Amino acid sequence: MTVSSDPTHKNKHPKTAALILAGGEGLRMGGNKPFREVGGKTLLPRVIEVAQAQCEYVMISSNEDADVFKAYGLPVVADKPQAGQGPLGGILGGLGALPEDTDWLVTFPVDCPIVPVDMVAQLLNAAQTDNAKAAFASHADRDHYLSSIWHRDVAHVIGEKLADDDRRVRGPLQALNASKVVFDDLVSGLAPFTNINTSDELKTVTAALASFVGVPSRK
């Protein structure tokens, strides 16, 4: 499924809120993952830039003291129902923190800075076209469940999965019959949704980003 990558698409769709998943210790890449530098900029502000280009509202998902993120001026949302639930707990917390005028939450993993400029538009369009309550991204035969969009109505489904100690993000997506959106194109020559989990991956992406300009600013 494909939609226009027109940068003004946000004016043509319902409002969306971005949730940057900044939890996780990142031990395999030396710790402190959100603040590791890649391509001349630390991961967190790079992903914030990506999210702000596509969504009207941006939040950070973390169980750290909010003061750690004070410089970014964004709301910090803790996991629900408590810490230790993995990314799914972060998504549940984000759904509970949605602004009243916004029904859709889009998740952006902090270790995934390479995102198509129309990811949100494509995910939202797919969900609405298929009358689904969620959608997720895929590239090169690999599904990226954390690059996804969720309607506020699905919070109870996630809560039930966590109550059953099922923390797989794939679980509620399957239960919701979520739409799968395939992104074929590279992003400035880089594979979209590339995860950075190890020091070697950090070095590889840093080298690839040496000539990467960034994302278009919000209109």
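Two strands are said to pair if DSSP finds at least two bridges between them. Helices (H or I, at least four residues) and strands (E, at least two) are themselves DSSP runs, numbered from the N terminus. The structure described here is a predicted model, in which local features need pLDDT of at least 70 and side-chain atom pairs count only at pLDDT 80 or more, while totals for chains, interfaces and linings use all residues. Residues are numbered from 1 along each chain as its sequence is written, and side-chain values use heavy atoms, with hydrogens and water left out.

Seven strands form an open sheet with mixed pairing, in the order β5-β4-β1-β6-β8-β7-β9. Its edge strands, each pairing on one side only, are β5 (76-77) and β9 (179-182). At the β9 end, β7 (residues 134-139) and β9 are joined in the parallel sense by four bridges. Within this pairing, Ser 138 has Val 182 in β9 as its bridge partner. Strand β9 also shows two faces: Ser 179 and Val 181 make up the covered one, whereas Lys 180 and Val 182 make up the uncovered one.

Helix α1 (residues 43-52) lies across β1 (16-21), β4 (57-61) and β6 (104-109), and runs at about 165° to β1. Such angles run from 0 to 180 degrees between N-to-C directions, and the axes are lines fitted to C-alpha atoms, for helices over the stretch in contact. Helix α3 (residues 119-129) lies across β1, β6, β7, β8 (142-151) and β9, at about 135° to β6. Nine of the 11 residues of α3 are buried (under 20% relative accessible area, with exposed meaning over 50% and partly exposed in between, for a 1.4 Å probe and protein chains only). Among them are Met 119, Leu 123 and Ala 127. The buried residues of α3 pack against β1, β6, β7, β8 and β9, where contact means heavy atoms within 4.5 Å. After α3 comes Asn 131, with a positive phi near 55°.

Helices also meet each other. Two packed helices are described by the angle between their axes and the distance between the axes. For α2 (residues 87-96) and α4 (residues 155-163), the axes come within 10 Å and cross at roughly 150°. Residues of α2 including Leu 88, Ile 91 and Leu 95 take part in this contact, as do residues of α4 including Ala 155, Ile 158 and Leu 162.

Finally, there are the aromatic rings. Rings of Phe, Tyr and Trp (its six-membered ring) pair if their centres lie within 6.5 Å; planes under 30 degrees apart count as stacked, over 60 as edge-to-face and the rest as tilted. By this rule there are two aromatic pairs. The ring centres of Phe 136 and Tyr 145 are 5.2 Å apart and their planes stand at 55°, so this pair is tilted. Phe 136 counts as buried at 9% relative accessibility, whereas Tyr 145 is partly exposed at 25%. Phe 183 and Phe 193 form an edge-to-face pair, 5.5 Å centre to centre with 70° between the planes. Both residues lie in the loop between β9 and α6 (199-208), so the pair ties together parts that are 10 residues apart in sequence. Phe 183 and Phe 193 are both buried.
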